[in-house]
Amino acid sequence: MNARASTKVFVTLFIAMHLIVILPGFFSTQGYAEQSRDVPFAPPTRLHFVLADGQFSLRPFVYGWDRAALDTGTYEIDRSQIYPLRFFTTGSPYTVVKGWVATTHLLGAEKPGRLFLFGTDDFGRDEFSRMLYGGRISILAGWIGAAIALFTGGIVGLISGYSGRWVDSVTMRLVELFMALPWLYLLFAVRAILPLRIETTDTFILLIAVVGIIGWARPARLVRSMVLSAKERNFVLASRAMGASHFHILRKHILPQVSGLLLTMAAYLIPQFILAEVTLSFLGLGIGEPVPSWGTLLAELQKYNVLVNYWWMYAPGVALVALFLIYHWASTTIQQKVEVPIA
Amino acid sequence: MRQLAWRLGQSILLLVGVSLCSFVLLSAAPGNFFDELKLNPQISSATVSALQAQYGANRPLPERYARWVASIVRGDWGYSLSYHSPVGGLVWQRARNTLLLTTFAVLLAWMVALPWGIAEALHKGGWIDRTGEVILALLLAMPDVLLALLLLLLAARTGWFPTGGMSSTDAAELSAAAKAWDLARHLFLPATALALTTMPILARHVRSAMVGVLDAPFLTAARGHGIPKFRLLSRYALPVALNSLISLFGFSVGSLLSISLLVEIILSWPGLGPLVVEAVLARDIYVVVAATMFSAACLIVGNLLADVLLYCTDPRIRPVHS
Amino acid sequence: MQTKLQPMPSANPVILSVRNLSLQYAHKTPFESRTAVTALSNVSLDLVRGKTLALVGPSGCGKSSLARCLVLLEKPSFGQILYGGRDVIGLKSKELKDFRRDIHLIFQDSASALNPGMTIEEVLLEPLDIHEPTLGKKDRFLRLVSACEQAALSSKWLTRRPDELSGGQRQRVAIARSLVARPKILILDEALSALDLSTQSHIANLLMDLQSAHSLAYLFITHDLRMARLLAHDVLAMKAGQILDSAPRLFTPDIHAGPTPIGTVSTAKDTEGMRLHVMPSVNE
């Protein structure tokens, strides 16, 4: 595979993955909190193409489970009835944006058949749908956290690098203060400031704020050092000699220099912040039930029987690895393009 | 020496800053231990007020900070309300375990990363390099949480390693050697998890540092003199690459401390991790502050150690007249 | 007063006067107390409309510091820069607008003086963005074109970026950029030194043409005395941050007897109409 083709593949994957988790309602098969108490820890529903009489069916279909077996806690396929899969089916309602409720799902089994692509958890909730909704929370937390960190870090770095003197000294001492703590300790310390029991939507916003606040120091330091070298460049001096305002110099000469760095930082920071959210939620300090995030979903694996017996519960972990691979690729690619040092 | 003293002074100032910041912020946080206590129907509000008065929770902030500093001098580091004991001993007992774990993990990570990176650098572009890079990329993309969980699964499925704790239940009756073996068996899983999370980063840096050195003209010249390969590596290339690797050492300490928290919780290693999370949940702020201070101190010591090592190995950064 | 200019006619009034300028850099280290490095001491000179003053001296003598002081990139520790009857040091940035438009610095290294991320067009329009932001689109374009014509810049270069041009072309761009704002004074800080010989003569001729067309005042900073003599109406020598009254032997091996006022050394008293066809050798 040449570089161009692999770039295409990665970009497509990148967009697809974000699209899916941005619109979890449409791509999921049901709501994240819908329970089917009769089927806890059901294995992923298998898609079939070959009918009982040996004929091939272009439209995939699923079977239901044997009722009697379900009562004893085992999952046996009941081949008496098939449920074909349908695209753009009408299912449980979900909110696309505030005020716009839709019911169309990309995929669904004909009623009363049930489709659990990645199986179910202990409440019989569809793991696939929960994974998509969880991805929305985790990825959004990563993005917004990185945005907050880059914005504050960028501005602090710009100001302290550009103005120099005591402003620079003070902010750099502050940066050192923040960098003197390993990030998880810092995350815990900042998390400890916030109230413990909070509404889930508030939790989300607070969580993102926490995640963003702890990350400003490193970008600030990088941006500062870049600004320090940029402002002594001759073309900046020329601009200053021409009488350009500070705003003009920052916008025309310094920001373009820094933007490449910021972009690389973004590709590097977003996975870190996703990880921070996952970690907090995993430890029960983040998003609470029933709202899923990849952290709370992975936290299920702390239960011994889930860890050992139900392999489909690892799905969010696999999704995380895939996402991180894509981001690592993105950050190295951008880094090569703009040639900035990182870390 | 003067430089070192300067750095030491800076570090102490930094620690004071960390303590002040964390103390003030955590004290200002909404909700405290007693609020949680009040929610408990079995404890009367009078008892809570009495407790509050006893621990001086109603005093103004500067006074509480002063009392806390005084308690540091006594070695108490404040009082843990949920454990009913001074924080110092509590945290130190756990911190010891964390240190043990991270020290082993650092050693393990470097022991794997060094040969790995060197092997890749020697066979740059070859199949060893490429497969090595793929594995490293996968490991890098693996979230620490998942890695620890997978190791836990491995232990649970195979039964080769104990799945938690530091020692077996019958450890007290074992001989010293058997005790050490027992500890090593318990240590293996968390240390591996920890090492695997930092190893890829280290290995990549080793590789790039070695590639840089191996391409340097002086090494080509040495090769031209017919110096054997192993000697070339150990005497010529490694010492030069060492400098950039030593600065990495400080960094690896910081990231290991963080991930260690997580690994400890998942693999039930009785270190700081579980303690800190409990303390955050219980609003036991002195424990959180002490743990934070401990981590900052570790990171600073790690960086200082890297500086001293660098000072010893690199003649360039030594002042000429000292 | 170091140098007497040639008896000046009233048509050539002094446009910029520098009086007793001193510059000290404070050096701060964590351990030692502050040490001061003197870059300029007691420098005085006059720039005259339509004339070139050359400033020669070895590297590190403070020539560039003087240039940076004149465009107020450095704040002098002492002295005056008189322009239009006012001392510009200590003026507020609003009051400085005119001064900054009228004086322009051209650097030795043309590659670093132009923002590598901008197109030549953006580079050339920057002075207008700064000084005449209200100018209409059409007027902007006209100014751009006329500056390009005067600097002999081809319009096909406008969409390129600085690193796609040669050193001489970039120096033309730098000159064009200064022309866009219609300045009165150009400070040429080793502006020709990094160029090869034929390019040097091209740019030098261009500068002379521009001078006669707009009666610009030049401060021509160089380490090349031959070049200074050919281009300048007057030459000043500088050493260790001070203007020398007399030409040092180092620079004038052909003059043997005693200190000679440098004013008499300068040969090109009137360069109007004079063209440079043969360039001086560089191995002075």
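## Around C:Ala67

C:Ala67 sits in helix α1 of chain C, residues 63–70. Helices here are DSSP runs of H or I with at least four residues, strands are E runs of at least two, and both are numbered from the N terminus. This is a predicted model, where local features need pLDDT of at least 70, side-chain atom pairs count only at pLDDT 80 or more, and totals for chains, interfaces and linings use all residues. As for labels, residues are numbered from 1 along each chain as its sequence is written, while chains are lettered from A and ligands numbered from 1 in the order in which they are written.

Is C:Ala67 buried or exposed? C:Ala67 counts as buried because it has 22 C-beta neighbours inside 10 Å. The cut-offs: 20 or more other C-beta atoms within 10 Å is buried, 12 or fewer is exposed, and in between is partly exposed, with C-beta atoms placed from the backbone.

Leaving out residues up to four places away in sequence, C:Ala67 touches C:Leu105, C:Ile187, C:Asp189 and C:Ile221. A contact means C-beta atoms, placed from the backbone, within 7 Å. C:Asp189 is 122 residues from C:Ala67 in sequence, yet their C-alpha atoms are 6.9 Å apart.

In the largest nonpolar core, with 247 residues, C:Ile187 joins B:Ala148, B:Val288 and C:Phe220 as the residues touching the most other members. The largest share of this core, 17 residues, comes from α10(A). A nonpolar core is a set of buried Ala, Val, Leu, Ile, Met, Phe, Trp, Tyr and Cys residues joined through C-beta atoms within 7 Å.

Helix α10 of chain A, residues 246–282, spans only 46 Å between its end C-alpha atoms, whereas a straight helix of 37 residues would span 54 Å. That expected span is 1.5 Å times one less than the number of residues.

Where does α10(A) bend? At A:Leu255, by about 50°, with A:Pro256 following within four residues. The bend is the angle between axes fitted to the seven residues ending at a residue and the seven starting there. After α10(A) comes A:Gly284, with a positive phi near 80°.

Most residues other than glycine have a negative phi. C:Asn42, in strand β2 (residues 35–48) of chain C, has a positive phi near 55°. C:Asn42 is partly exposed, with 14 other C-beta atoms within 10 Å.

C:Arg182 also has a positive phi, near 55°. C:Arg182 lies in the loop between α6 (167–180) and β7 (185–189) of chain C, and counts as partly exposed with 17 C-beta neighbours inside 10 Å.

How values were computed:
Two residues are in contact if their C-beta atoms, placed from the backbone, lie within 7 Å.
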